[in-house]
Amino acid sequence: MSDTLTHLPVHLAIIMDGNGRWAQARGLPREAGHRAGAETVRTIVTECRRLAIRHLTLYTFSSENWSRPKAEVSALFSLLLEFLGQEVPRMEREGIRLNILGDMEALPLAARTALRHGLRRTAANTDMVLNLALNYGGRAELVRAVRSMMAEGLRPGDVTEQSLADHLYTAGQPDPDFLIRTSGEQRLSNYLLYQCAYSEFYFTPTPWPDFGVEALHEALAAYAGRSRRFGKTQEQINGR
């Protein structure tokens with residue numbers, strides 16, 4: 001199917017939902033679902049790299065996820081360390097630059113250390129950007145951006161849509177063209193609120209651990225059939 005895909009998004013964002021429910025439906029602990037979800041991350045990153053999707057953003061751990069049971073949070077960060085240990089060398093080889101969206105300072109020390117190591121090792125890569133949204137919340141990102149602008153002494157007239165975008169975690173990157181959410185929920189959940197103003201949305205009942213290459217291609221084919229008008233008429237888009 002990949003040979004027929006056209007009009008691929010430059011920036012794909014994904015809300016990876018359903019790991020826990022996937023595990024519970026199989027009588028497994030929630031941690032097993034997160035481990036299966038980590039394997040899906042590897043699969044999807046590899047396929048997006050092959051398809052030459054330039055920016056991929058994954059909602060990895062929201063600022064609200066701290067309220068989950070401590071054992072589950074600990075398991076999530078153990079998986080993150082395992083993922084980084086295995087994947088950073090491959091990212092370095094394949095030209096993928098790691099980038100973090102969110103407040104890294106509040107993460108456990110081991111996670112901060114591993115993430116900074118990954119950021120350094122992949123900083124020069126230019127083929128693809130992999131954004132991991134960690135300890136991330138869209139509203140908090142906007143508050144952080146405004147505080148940063150005020151600290152720099154920007155005057156009211158200096159505040160524009162572009163100057164605000166320049167102070168977001170995604171500064172320098174295009175906004176997501178396409179957002180996928182797995183496992184049936186149909187909401188943004190405080191994810192990339194500013195950046196997704198014109199994103200196309202795709203909701204699938206498939207839980208994240210089952211969202212493989214074929215499911216990705218189905219989503220991308222749906223995106224290719226969308227008309228992105230940005231306020232214009234279809235006739236204007238077609239040049240008529």
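User: Which element gives the most to the lining of the largest cavity?

Analyst: The model is a predicted one. The lining of the largest cavity consists of Arg35, Ala38, Glu39, Arg42, Leu79, Glu82 and Phe83. With four residues, the element that gives the most is helix 2.

User: How many residues of the lining of the largest cavity are charged?

Analyst: The lining includes Arg35, Glu39, Arg42 and Glu82, together with Ala38, Leu79 and Phe83. By class, three of the lining residues are nonpolar and no residue is polar, while the number of charged residues is four.

User: Turning to the open spaces, what is the volume of the largest pocket?

Analyst: The lining of this pocket comprises 32 residues, and those closest to its centre are Met16, Asn19, Tyr59, Thr60 and Asn65. Helix 1 (19-25), helix 2, strand 2 (55-62), helix 3 and strand 4 (128-136) supply at least two lining residues each. The volume of the largest pocket is about 770 Å³.

User: How many nonpolar residues has the lining of the largest pocket?

Analyst: The lining of the largest pocket holds nine polar and eight charged residues. The number of nonpolar residues in that lining is 15.

User: Which residues does UniProt list for "active site", and which of them belong to the lining of the largest pocket?

Analyst: An unreviewed UniProt entry places the "active site" feature at Asp17 and Asn65. These positions are spread over 49 residues of sequence, yet they cluster in space, with a largest C-alpha distance of 12.3 Å. The lining of the largest pocket takes in, from this set, Asp17 and Asn65.

User: Is Asn65 buried or exposed?

Analyst: Asn65 is located in the loop between strand 2 and helix 3. Its relative accessible area is 16%, and since the limit for this class is under 20%, Asn65 is classed as buried.

User: Where does Asp17 lie, and which residues does Asp17 contact?

Analyst: Asp17 occupies the loop between strand 1 (11-15) and helix 1. A relative accessible area of 14% makes Asp17 buried. Apart from neighbours within four places in sequence, the contacts of Asp17 are Arg181, Thr182, Ser183, Glu185, Pro207 and Trp208.

User: Is Glu200 buried or exposed?

Analyst: Glu200 has its place in strand 6 (residues 200-203). The relative accessibility of Glu200 is 17%, so this residue counts as buried.

User: How many disulfides does the count come to?

Analyst: A disulfide requires two cysteine sulfur atoms within 2.5 Å. The cysteine sulfur nearest to that of Cys48 belongs to Cys196 and is 15 Å away, and Cys48 is in no disulfide. Cys196 is likewise in no disulfide, its nearest cysteine sulfur being that of Cys48. The number of disulfides is therefore, under the 2.5 Å rule, zero.

User: Are Cys48 and Cys196 buried or exposed?

Analyst: The relative accessibility of Cys48 is 0%, so Cys48 counts as buried. For Cys196 the value is 5%, and this residue, too, counts as buried.

User: Which residues does Asn99 touch?

Analyst: Asn99 is a residue of strand 3 (residues 96-101). Its relative accessible area of 16% makes Asn99 buried. When residues up to four places away in sequence are not counted, Asn99 touches Leu119, Val129, Leu130, Asn131, Leu132, Tyr169 and Gln173.

How values were computed
Residues numbered from 1 in each chain as written. Predicted model: local features only at pLDDT ≥ 70, side-chain atom pairs only at ≥ 80, totals over all residues. Heavy atoms only, no water. 1 Å grid on protein atoms, 1.4 Å probe; cavity = no way out; pocket = protein on both sides within 12 Å on 5 of 7 lines; lining within 4 Å. Nonpolar A, V, L, I, M, F, W, Y, C, P; charged D, E, K, R; others polar. Buried < 20%, exposed > 50% of the residue type's maximum accessible area, 1.4 Å probe, protein only. Contact = heavy atoms within 4.5 Å. Points joined across faces, edges and corners; volume = space filled by probe spheres on them. UniProt positions renumbered as here; feature names shortened; annotations may be inferred.
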